[in-house]
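We will take a short walk through one protein chain, stop by stop.

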Amino acid sequence: MHSASNIIVLFKEGTAADVVEAAAQKVISDGGSIGHRYSTTMTGFAAIVPDSVLPALNDDVHIESIEADGEVSVLFKTKGN
């Protein structure tokens with residue numbers, strides 16, 4: 001695989017499951033891979049996608065957002081007495 005991106009693809013509310021699956025299969029057929037699939041609080045998937053595929057995903061009218069995937073951490077400080 002040439003240059004690729006780790007992304008999270010989120011679909012608009014109410015997007016049919018077959019539309020999401022078709023997008024996932026397109027990613028796979030173009031040399032990418034699908035990681036986690038989201039279907040509870042949001043609809044979409046995490047993927048490693050060849051950069052050449054990103055323009056087609058950006059043009060998909062069913063996709064709400066495409067974000068870079070990565071580790072997230074939270075640091076907080078509690079108040080002392």
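The stops below go from the sheet to the core and then to the charged pairs. Keep in mind that what you see is a predicted model.

**Stop 1: the sheet**

Switch to a cartoon view and look for the strands. What is the order of the strands in the open sheet? Reading across, you meet S2-S3-S1-S4, 4 strands with antiparallel pairing. Now select S2 and strand S4 (63–68), which stand at the edges. Each has a single partner strand, so one side of each is left without a neighbour in the sheet. Turn the view to follow the twist, which averages 25° from one strand to the next.

Strands of a sheet pair through backbone hydrogen bonds, either parallel or antiparallel.

**Stop 2: two pairings**

Select strand S1 (residues 4–11) together with S4. The two pair in the antiparallel sense over 5 bridges. For one example, click on Leu10 and then on Ser65, its bridge partner in S4.

Next, select S2 and S3. Here the antiparallel pairing runs over 4 bridges, and a hairpin of 5 residues joins S2 to S3. Within this pair, Arg37 stands opposite Phe45 in S3. Remember both names, as we will visit each again.

**Stop 3: the nonpolar core**

Which residues have the most contacts inside the largest nonpolar core? Select Ile7, Val9, Phe11, Phe45, Val49 and Leu57 and show their side chains. The core as a whole has 14 residues. At least two of its residues come from each of S1, H1, strand S3 (44–50) and helix H2 (54–59). H1 gives the largest share, with 4 residues.

**Stop 4: Phe45**

Centre the view on Phe45 and show what surrounds it. Beyond its neighbours within four places in sequence, Phe45 is in contact with several residues, including Ile7, Val9, Val20, Ala24, Val27, Ile34 and Tyr38. Phe11 is also among the contacts of Phe45, and that is where we go next.

**Stop 5: Phe11**

Click on Phe11, which is found in strand S1. Is Phe11 buried or exposed? It is buried, because its relative accessible area is 6%, and buried means under 20%. Not counting residues up to four places away in sequence, Phe11 touches Val20, Ala23, Thr43, Gly44, Phe45, His62, Ile63 and Glu64.

**Stop 6: the charged pairs**

Side chains of opposite charge can pair when their charged atoms come close. How many salt bridges does a search of the whole structure find? The search finds 2.

For one of them, select Glu21 and Arg37, whose closest N and O atoms are 2.8 Å apart. This pair links distant parts of the chain, since Glu21 is in helix H1 (residues 17–29) and Arg37 is in strand S2 (residues 33–38), 16 residues apart. Glu21 counts as partly exposed because its relative accessibility is 32%, and Arg37 is partly exposed too, at 38%.

For the other salt bridge, select Asp30 and Lys26, where the N to O distance is 3.0 Å. Asp30, at 32% relative accessibility, counts as partly exposed. Lys26 also counts as partly exposed, with a value of 43%.

Conventions:
Residues are numbered from 1 along each chain as its sequence is written. This is a predicted model: local features need pLDDT of at least 70, side-chain atom pairs count only at pLDDT 80 or more; totals for chains, interfaces and linings use all residues. Side-chain values use heavy atoms; hydrogens and water are left out. A salt bridge is a side-chain nitrogen of Lys or Arg within 4 Å of a carboxyl oxygen of Asp or Glu. Buried means under 20% relative accessible area, exposed over 50%, partly exposed in between (1.4 Å probe, protein chains only). Two strands pair if DSSP finds at least two bridges between them. Axes are lines fitted to C-alpha atoms, for helices over the stretch in contact, and angles run from 0 to 180 degrees between N-to-C directions. A nonpolar core is a set of buried Ala, Val, Leu, Ile, Met, Phe, Trp, Tyr and Cys residues joined through side-chain atoms within 4.5 Å. Contact means heavy atoms within 4.5 Å.
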